[in-house]
Amino acid sequence: MARPDRRVNLAVARAIPPFLLCVCVYACYIVTKPLCIDYLIRPLPKYSRSSRVGAGIAILVIFYILIAVVIITYLRLLYNITRNPGFLPRSPPSTKEQQETESSDRPPRRKRKHRRTRTAEKPDKTDLDIERGTDGNADGGGSPLDITGLENFYTKDVFVCQEDGRPLYCSTCCRYKPDRAHHCREVDRCVLKMDHFCPWVGGVVSETSFKFFIQFVFYTLLFCAFSLIICATFTAEIIQNTGGANVHLAIGIGLSSLFGLFSFGMTISSLQLAMWNLSTIENLNRRSAVWTLAIRVPNHMLARLNPESRWAPTFRTITYPLPPMPVSPEAERDYQPPEKQHVFAILQTLPGENPFDLGSPFKNLQQVLGYSIIDWFIPFKQSPCADRTTGDSFYELGPVVSRLKKEAGLDPPPESQPTTQSGTKRKHKRRRSTHRPSQG
Ligand SMILES: [Zn+2]
């Protein structure tokens, strides 16, 4: 059952779009009738003024262009939030049922799983830990039995992981989460690069809609600033000439100030987050966050991980695909790892480092707004960071990851040296003990 605050959020989210529509209609009325027609173009007798048709038409044209831009960006935002919200599918029922069945066979684990599920739904520090990977088991660490969907991770070169090297896990959706995905309790789904649940647009702002959200609040700011200037200017003029104010223009000053301040704050904070390449959720503990990353060990270095090698790696490793679990001692002895293996080093950033920061605010902005200046202002193209066609990592990675690789000695392969998988198989049993998730 939905919790009260979640129901309130959803109810507010449904009520606000119609409310905003009413505000827009009223703003159009204020500027068109009391200001432009009754005061500037055909002044009412009480104003005792001559007609100013040019000023009236110019104000109307600018006003309607600005409000049209606001409405277009709002509709674009709404379209993405409703049609392409970046939700991740839940685990298929068969997987979930299998896990529940296996859990119920083992009473102590079942008890722990229930505790984890509740924890994952709390909107508190636990959510941050899930997102950050600062605590590998903050989200319950995932079911130790679940190895489904891992191929989406170990076929990449880098992904965010728990301390044991497996990707972060959502115990509510029963699936591994791509980097930067977060479970949104309002919609009860994991969302790709979730930013926040926004009642003003009635849904979740995520990687597919953050760009249009920035454009929407920016154009709203311009619109409110223009409305405030014209309402305030002509209200002062009317007071000076007649001694009284027009009530509609006074309300216009109030509304444009209120929405202007709000959109100013949202524009500044959203642009700042985009320049840091952080989401609102990631920003909550950005100064202390530690990211745990699984970074592929280049094939030419695999032989160095041999116990007889003189090279002593400073990191733990994990080898994919993981063996199916649970395994009996007999099955473990007979287990034949697949030929193609993927070895990853488990490395951690320093507190406050952001692996997705590309090293320059401009490059970070480009990931959200686009590569051309036209894309920055026209609400048409999707953000480059939502492009899934490049496969090395879920999102482009910055200097922090390069430094981690260098410090760990994970050098790229020399051009001349052929890559090889040899030696991987015989080392598997040695590493397998560290690969298996803790059962404790
Ligand atoms: Zn989830």
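## A walk through the helices and an open sheet

The chain holds 14 helices and 10 strands, where helices (H or I, at least four residues) and strands (E, at least two) are DSSP runs numbered from the N terminus. Please keep in mind that this is a predicted model: local features need pLDDT of at least 70, side-chain atom pairs count only at pLDDT 80 or more, and totals for chains, interfaces and linings use all residues. Residues are numbered from 1 along each chain as its sequence is written.

Let's begin with the overall picture. Of the 440 residues, 37% count as buried; a residue is buried if 20 or more other C-beta atoms lie within 10 Å of its own, exposed if 12 or fewer, and partly exposed in between, with C-beta atoms placed from the backbone. Among contacts between residues at least 6 apart in sequence, 74% join residues at least 24 apart. Here two residues are in contact if their C-beta atoms, placed from the backbone, lie within 7 Å.

Now to the helices. Helix 7 (residues 210-242) packs with helix 8 at an angle of about 150°, their axes 7 Å apart. Axes are lines fitted to C-alpha atoms, for helices over the stretch in contact, and angles run from 0 to 180 degrees between N-to-C directions. The angle makes helix 7 roughly antiparallel to helix 8, given that angles under 35 degrees count as roughly parallel, over 145 as roughly antiparallel, 65 to 115 as roughly perpendicular and the rest as oblique. By class, the contact of helix 7 with helix 8 has 19 nonpolar, 10 polar and no charged residues. In this scheme Ala, Val, Leu, Ile, Met, Phe, Trp, Tyr, Cys and Pro count as nonpolar, Asp, Glu, Lys and Arg as charged, and the others, Gly among them, as polar.

Helix 8 (residues 247-276) also meets helix 11 (residues 361-369): their axes come within 6 Å and cross at roughly 110°. That makes helix 8 roughly perpendicular to helix 11. On the helix 8 side the contact is made by A274, M275 and W276, and on the helix 11 side by P361, N364, L365, V368 and L369. Sorted by class, this contact of helix 8 with helix 11 has 7 nonpolar, 1 polar and no charged residues.

Stay with helix 11 for a moment. N364, Q366, Q367, V368 and L369 are buried in helix 11, and the buried residues of this helix pack against helix 7, helix 8 and helix 12 (373-377). Just after helix 11, G370 takes a positive phi of about 125°.

An open sheet of 4 strands has the order 1-8-10-9, with antiparallel pairing; two strands pair if DSSP finds at least two bridges between them. Strand 1 (158-160) and strand 9 are the edge strands, each pairing on one side only. Neighbouring strands of this sheet are turned by 30° against each other on average, direction ignored.

Strand 10 (residues 342-348) is mostly covered, with 6 of its 7 residues buried. Strand 8 (residues 292-296) runs antiparallel to strand 10 and is joined to it by 5 bridges; A294 stands opposite I346, and I295 has A345 as its bridge partner. Strand 9 (residues 316-320) and strand 10 also pair in the antiparallel sense over 5 bridges, and there T317 has A345 as its bridge partner.

Finally, helix 13 (residues 399-408) lies across strand 1, strand 8 and strand 10, running at about 65° to strand 8.
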